[in-house]
Amino acid sequence: MKRALITGITGQDGAYLAKLLIEKGYKVYGTVRRSTSEKFVNLKYLNIYDKIKFYDFDLLELSNIQNVIKETKPHEIYHLAAQSFVPTSFQVPIVTTDINSLGTLRILDSINSINKKIKFYQASTSEMFGKVQQIPQTEKTPFYPRSPYGVSKVFSHWITVNYRESYNIHASSGILFNHESPLRGGEFVTKKITSSLTRIKHGSKEVLKVGNINAKRDWGYAGDYVYAMWLMLQQKNADDYVIATGKTHSVREFINLTLKYLNFEYKWVGQGMNERVINLNSGKTIIKIDKEFFRPAEVDLLIGNPGKAKRKLKWKPNTSLKKLVKLMVDYDVSQIKKTY
Ligand code: NAP
Ligand code: GDD
């Protein structure tokens, strides 16, 4: 039986990847940071909580990482844990760097000293392209990160390449573009939009406040993307791959798709910081722009070219943005119905 260790199993990708690996017959070990609040909602939602063995784990603690690797003896490590929210990285840049950059190095160095045969997946990101130097972005596009998060991930990306080349470790980086799902964290823009507009549709008086609605992202579905992670570790040779849909849409377009799917009659009015959305049935403002949600430096446009992954991994995205909105809103509606 193959054994896989997933760091960050309580996050969005950790849950979908654990489900995939369990279905493939793996024994799955998951790492969890202790906290006082409930962390296992995603794993319980996917009905896999009972099938995973959990280990206390923090990326800041080298001996803890080594002990977990020695105890679980994994064939594959999927390193997904990170401080993954870009705005927070501007607030806590040093902690973000320690977790994301040195955390990755701690794992790679542990693999190198404990068992070089362990295959390693690094969660790299399109945020590394930042102020993009080429459209669309490929594995060869130079990086120009625009946040401490992006910079921290450039380090973890290159240290993965370095351990592969220096020590012959099967270490691959997936440069994943934004991917979303019903289990996406609530502060990311897609989930914030679908959950708030669903609540408003069901009677909430709140106003959805957003930042830069002109930013464009290449959004895919997390369920499709974790399959690419697994494929990377099944290849004879480790390598780096862009995982993306090849299509880009603005935050404004995502809002429009959600409003339409929820059958709102609405209108955009005003300009710039005064732009807002009016619900034509109630006459009330339901979406506003708020400067609190702008970033010190923005990534304006991301669009990836997944050609290499298509050719070498035989991977392709299967979920359109419209379908993704439907998946997310249907889940949000089901949660509201459960509550009441
Ligand atoms: P997520 O939902 O934010 O999950 C992050 C996970 O990391 C959580 O399980 C979190 O645990 C854990 N974690 C954070 N700090 C830790 C620490 N110090 N020690 C141990 N665990 C820690 O992220 P995601 O969306 O699933 O993304 C997975 C990975 O892919 C991340 O590395 C992210 O940067 C990267 N990525 C994501 C996307 C995307 O669009 N989703 C795109 C490209 C790359 P808690 O539950 O304790 O917070
Ligand atoms: N979060 C958030 N909240 N973003 C907003 C808002 C808002 O109210 N209003 C506009 N945005 C814009 C952001 O400025 C950004 O341009 C875009 O929406 C997407 O923001 P997020 O959903 O927070 O994601 P991200 O692109 O910054 O980062 C995500 O994708 C990366 C891959 O490119 C994260 O999952 C990262 O961990 C991941 O690496």
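Me: How many residues surround ligand 2, and which are the closest?

Reply: There are 24 of them, with T125, S126, Y149, R295 and E298 closest. Each counts because one of its heavy atoms lies within 4 Å of the ligand. Keep in mind that this is a predicted model, where local features need pLDDT of at least 70 and side-chain atom pairs need 80 or more, while totals for chains, interfaces and linings use all residues. Residues are numbered from 1 along each chain as written, chains are lettered from A and ligands numbered from 1 in written order, and side-chain values use heavy atoms, without hydrogens or water.

Me: What makes R295 a polar contact of ligand 2?

Reply: A side-chain N or O atom of R295 is 2.5 Å from a ligand oxygen. A polar contact here is a pair of N or O atoms within 3.5 Å, so the pair passes. N178 does too, at 2.7 Å, and so does R184, at 2.9 Å. On its own ligand 2 has 710 Å² of accessible area (Shrake-Rupley, 1.4 Å probe), and the protein covers 95% of that.

Me: How do you know which atoms of Y149, S84 and A82 meet ligand 1?

Reply: For Y149, a polar side-chain atom lies 2.5 Å from a ligand oxygen, and for S84 the side-chain distance is 2.6 Å. A82 uses a polar backbone atom instead, at 3.1 Å. The protein covers 89% of the 890 Å² that ligand 1 has on its own. In the shell around ligand 1, β5 (119-125) gives the most, with three residues; strands are DSSP E runs of at least two residues, and helices are H or I runs of at least four.

Me: Why is the K2 and E76 pair called a salt bridge?

Reply: Their closest N and O atoms are 3.1 Å apart. The rule asks for a Lys or Arg side-chain nitrogen within 4 Å of an Asp or Glu carboxyl oxygen, so the pair qualifies. K2 sits in the segment before β1 (3-7) and E76 in strand β4, 74 residues apart. The count by this rule is 13.

Me: What lines the second largest pocket?

Reply: Its lining has 16 residues, with T138, E139, K140, D240 and K308 nearest the centre. A pocket is an open set of 1 Å grid points where a 1.4 Å probe fits, with protein on both sides within 12 Å along at least five of seven lines; lining residues have an atom within 4 Å of a point. Helix α6 supplies the largest share, four residues.

Technical notes
Polar contact = N/O pair within 3.5 Å; in protein donor to acceptor, adjacent residues only side chain to side chain.
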